[in-house]
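This report describes one protein model, from its overall make-up down to single residues. The sequence and structure come first.

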Amino acid sequence: MPTSAIIVLSSIGALIVILAVSIFSIRMYRRHSFLHRLFKRGNDIVHYAFIINPSKPNAKSLKARIRQYCAQNGLKEITFINTELDKDGRECAIQALEGGADVIVAVGGDGTVRTVASALAGTSHAMGIIPIGTGNLFARNMGIPIDDIDSALAVATSHGSRFVDVGRLEMLDSAEDREAHAFLIIAGTGFDALMIDNTDPTLKKNISWLAYFVSGAQHLFTKKYTGTVAITSSDGETRQRESIVFRTLMAGNCGQIPGLSLMPEASWDDGLLDFEIIDTSGGIIGWANLFGDVLHQTITHKAEQSPFSTNSKVEQIQGLSAEITLDKAAPVQVDGDVLGETRHIRFSVEKEALCVRVPDSQSAA
């Protein structure tokens with residue numbers, strides 16, 4: 001190999017090493033600064049209950065790590081409660097409250113966080129989050145560290161909280177299920193629920209949230225849904241529209257997913273839900289245009305379509321509540337948990353009903 005080529009390759013290699021070291025150093029510095037800021041605000045020495053999803057990888061070793069962290073930081077009164085097939089996070093949180101816990105920490109993914117939140121909404125008890133799920137979307141929206149257990153523990157066990165809205169979904173035509181199911185991120189009916197319901201669990205473990213896109217590709221051309229949509233705006237006026245045709249209809253409390261913004265104007269403490277009605281036409285062209293719409297609003301931070309869209313429709317409306325009556329039953333989901341099929345749905349919101357431990361807060365709790 002010529003000397004010049006060796007020099008060029010060596011230089012490139014050195015640059016790569018320098019870049020990698022720089023990135024690592026920046027990340028370590030940011031983590032150190034983050035933890036220093038959290039430790040300055042002080043631990044909250046109260047009774048903590050950790051609700052853990054034991055099906056998550058390394059759940060056993062994680063429990064040991066939590067014990068060690070609490071011991072090192074003088075947190076002596078802690079309780080662990082495992083979720084079970086017939087005992088979700090809501091029931092575990094109720095058990096923890098009855099046992100005298102002051103702060104409930106959800107250790108799991110968005111499903112565990114959602115069910116724990118459903119029990120704490122409307123109470124004065126704060127919820128901490130140790131995100132170990134697939135998407136961890138609510139934790140991301142709250143700025144809670146992902147893949148850094150100590151940092152997440154520092155957030156959950158130190159003073160500093162925000163009050164956030166809690167969305168509710170009711171399946172009105174179900175005689176067996178009339179519960180107002182809580183959601184913190186996005187609930188919906190149609191394509192999004194079908195995509196989630198058919199995601200391969202093994203693939204989900206291997207490639208994380210990207211598995212949803214694999215499932216979605218299999219249902220791009222399923223039949224559309226038709227129904228009547230009545231949305232109540234912030235001024236209390238209800239506007240009803242009939243024969244709405246859509247691929248998916250969603251209600252959002254938070255709108256950010258990794259790398260993209262589904263609902264750029266959604267705010268988790270404004271007392272409103274962001275309703276999004278999505279439709280496509282023209283086969284794969286419509287879906288490509290829809291992706292372009294999402295990229296456009298991710299860049300502009302505005303709830304608007306790309307000016308180049310021709311075969312997609314994204315309509316976003318803010319409101320206090322909505323009622324949807326479908327011509328045929330469709331699957332529904334809340335924060336990634338599929339509840340079944342229904343024809344009659346009500347979305348509503350409880351303003352600032354939940355106290356959540358977060359890194360940056362306006363009020364301490």
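## Overall make-up

A residue is called buried here when its relative accessible area is under 20%, exposed when that area is over 50%, and partly exposed in between. The model is a predicted one, and within it buried residues account for 49% of the 365 residues in the protein. The secondary structure consists of 10 helices and 16 strands.

Where contacts join residues at least 6 apart in sequence, 70% of those contacts link residues that are at least 24 apart.

## Cysteines

The structure contains zero disulfides. A disulfide would require a pair of cysteine sulfur atoms within 2.5 Å.

## Helix 2 against helix 6

Helix 2, which spans residues 59-72, and helix 6, which spans residues 149-156, have axes that come within 11 Å and cross at roughly 55 degrees. At that angle the two helices are therefore oblique to each other, and the crossing of helix 2 and helix 6 is right-handed.

On the side of helix 2 the contact is made by Leu62, Arg65, Ile66 and Tyr69, which meet Ile149, Asp150, Leu153 and Ala154 in helix 6. Sorted by class, the contact of helix 2 with helix 6 comprises six nonpolar and two charged residues, with no polar ones.

## Gly108 in strand 3

Gly108 belongs to strand 3, which covers residues 103-108, and its relative accessibility of 1% means that it counts as buried. Although Gly108 and Asn53 are 55 residues apart in sequence, their C-alpha atoms are 5.5 Å apart in space. With neighbours within four places in sequence left aside, the residues in contact with Gly108 are Ile130, Pro131, Ile132, Gly133 and Asn136.

## Lys328 in strand 15

Lys328 lies in strand 15, which runs over residues 321-334. Is Lys328 buried or partly exposed? With a relative accessible area of 37%, Lys328 is partly exposed, because that value falls between the limits of 20% for buried and 50% for exposed.

Thr226 is 102 residues from Lys328 along the chain, yet the C-alpha atoms of the two are separated by 7.7 Å. Once neighbours within four places in sequence are set aside, Lys328 is in contact with Lys223, Lys224 and Tyr225, and also with Thr342 and Arg343.

Conventions. Residues numbered from 1 in each chain as written. Predicted model: local features only at pLDDT ≥ 70, side-chain atom pairs only at ≥ 80, totals over all residues. Heavy atoms only, no water. Axes fitted to C-alpha atoms, helices over the stretch in contact; angles between N-to-C directions. Helix = DSSP H or I, 4+ residues; strand = E, 2+ residues; numbered from the N terminus. Parallel < 35°, antiparallel > 145°, perpendicular 65-115°, else oblique. Left-handed = near helix turned anticlockwise from the far one by under 90°. Contact = heavy atoms within 4.5 Å. Nonpolar A, V, L, I, M, F, W, Y, C, P; charged D, E, K, R; others polar. Buried < 20%, exposed > 50% of the residue type's maximum accessible area, 1.4 Å probe, protein only.
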